[in-house]
Amino acid sequence: MNSKGLAVLSCCLLFFVWAECQQEKPSKATAKKVTKELKAKENKFSRAVGKKVQQGASKFLKKGQAKPTMTIPSQKQPSPLSILTRAVAKGQFQKVTDTLTLKAGETLDLRCKGKSVKWKYPPYLEDDDTEYRLRVKYFQKHSQLIVVNTTAADTGEYSCWSFQCYDSECRDGEDKPGKTYIFFTDPLELFVPTENYYEVIQMRTNHPALLPCQVTNPLAKVTLHREFPPEKVVVDGIDISYDVKRGFMIHRPRPSHAGSLFCMANMNGVRQISTKYMLIYVNYPSSVPKPVVRASTASFHIGDNFNVTCTVFGEPEIAVDFTWEYPGQQIGRPPYVREHTDLVRQGGQVQQESKSIFYIDEARVVDDGLYSCIAENLQGSTTVSTRVHLVQATLAPRKAKSG
Ligand SMILES: *[C@@H]1O[C@H](CO)[C@@H](O)[C@H](O)[C@H]1NC(C)=O
Ligand SMILES: *[C@@H]1O[C@H](CO)[C@@H](O)[C@H](O)[C@H]1NC(C)=O
């Protein structure tokens, strides 16, 4: 299956999923209409959060990695007090910990030390509809972030860092960024709300897949389930693990993981299920193709037939697309190409041999030049070329002599 085929399949699945929803939940769909706009925002949030949090995390990681190269190990201090604190009462502050659990509805009041401070919070809070609930104030030596009338959807990572500006150039300050993950518990919303009943997740070979069912209460008991056949999925912490801030992670996806899955949360006798995740397994190549190109001859005479073969050895079931660039292209000579794939055994391993053969019949002057084969799979493409020369007419007499 090539990338186009994959896109078509994805579309079919999406349609199927949509159609299924229409059949399954007609009453719910109409009931939902009123809150649809609101929910749409929430959905935007829930999808965006995952991304933002990841981006944020990698940003911090980079900074963390950069630091040791600048500091001599012996000078390393125990980590300084976090620059991030939370107001718990008037004039009373508390250092934030890795995670915080607040009740939905409570006011969140965070302070970040520094002259110039930047904040990062769930993007849901940037929406027009929710903007009025969020306020950020800047003072001489700190900044304050307030969220009023919090909801379960505000669950996510909150972080801040200070930076220094000299002239017009700003750089991150010396302080370590402050961050915390805040759960806003709501007994009626055990999962951070999303609009979709289904979410399609592409699982690739050798790439971990995340089922982002984020809970609003870290104490909720969360399990993973398969819809057809209905069964509980074993979460052993090795093949599949659970992170209360992110969801379930399938570390080494296999075709058998594909299907419709959902998370279930249990808390004080309340049981809720998450969005359903439609997992599609995609055979994903481990690397770009490594083609080899070979012409049947290095030189030709006018009227000869010759061919150029492009060969790729790779993992079975991985589609390779070939395209050619050739000298006759400019004058519109149509390409004559044949492709085939075979399974071959090489050093005890089964490999797929993909071949594209470019035929030149009754060669002409325009066929002299460079033949390039572009081999492409889902990881990318590689181009290899070979040159085929027209034998000069002046050589002809020599041939006559020898013959
Ligand atoms: C927060 O909720 C209260 C009570 O529902 C309401 O009176 C108030 O206007 C809300 N504040 C904001 C900023 O939405
Ligand atoms: C390519 O051309 C050579 C020389 O004409 C010929 O022997 C060979 O069979 C051709 N290969 C294919 C795959 O047609």
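Residues are numbered from 1 along each chain as its sequence is written, and chains are lettered from A and ligands numbered from 1 in the order in which they are written. Local features need pLDDT of at least 70, side-chain atom pairs count only at pLDDT 80 or more, and totals for chains, interfaces and linings use all residues, while side-chain values use heavy atoms, with hydrogens and water left out.

Confidence comes first. The chain averages a pLDDT (the predictor's confidence in each residue, from 0 to 100) of 80, with 75% of the residues at 70 or above. Where pLDDT is low, the predicted coordinates should not be read in detail.

Next come the strands, which are DSSP runs of E with at least two residues, numbered from the N terminus, just as helices are runs of H or I with at least four. Two strands count as paired if DSSP finds at least two bridges between them. Strand β1 (residues 84-89) runs antiparallel to β4 (residues 108-113), with 3 bridges, and R86 has L110 as its bridge partner there. β1 also runs antiparallel to β2 (residues 92-95), over 4 bridges, and these two form a hairpin with 2 residues between them, where G91 has a positive phi of about 70°.

Further along, β18 (residues 270-282) pairs in the parallel sense with β11 (residues 198-204) over 7 bridges; V200 is partnered with M278. With β17 (residues 259-267), β18 runs antiparallel over 8 bridges, L261 being partnered with Y277.

As for salt bridges (a side-chain nitrogen of Lys or Arg within 4 Å of a carboxyl oxygen of Asp or Glu), the count is 8. One of them joins R133 and D154, at 3.0 Å from N to O. R133 lies in the loop between α3 and β6 and D154 in the loop between β7 and β8, so the pair ties together parts 21 residues apart in sequence. Buried means under 20% relative accessible area, exposed over 50%, and partly exposed in between (1.4 Å probe, protein chains only). R133 is buried at 5%, and D154 is buried at 0%. Another salt bridge joins R226 and E231 at 3.6 Å; R226 is buried at 12%, whereas E231 is partly exposed at 41%. Finally, D239, R252 and R254 are linked in a network of salt bridges.
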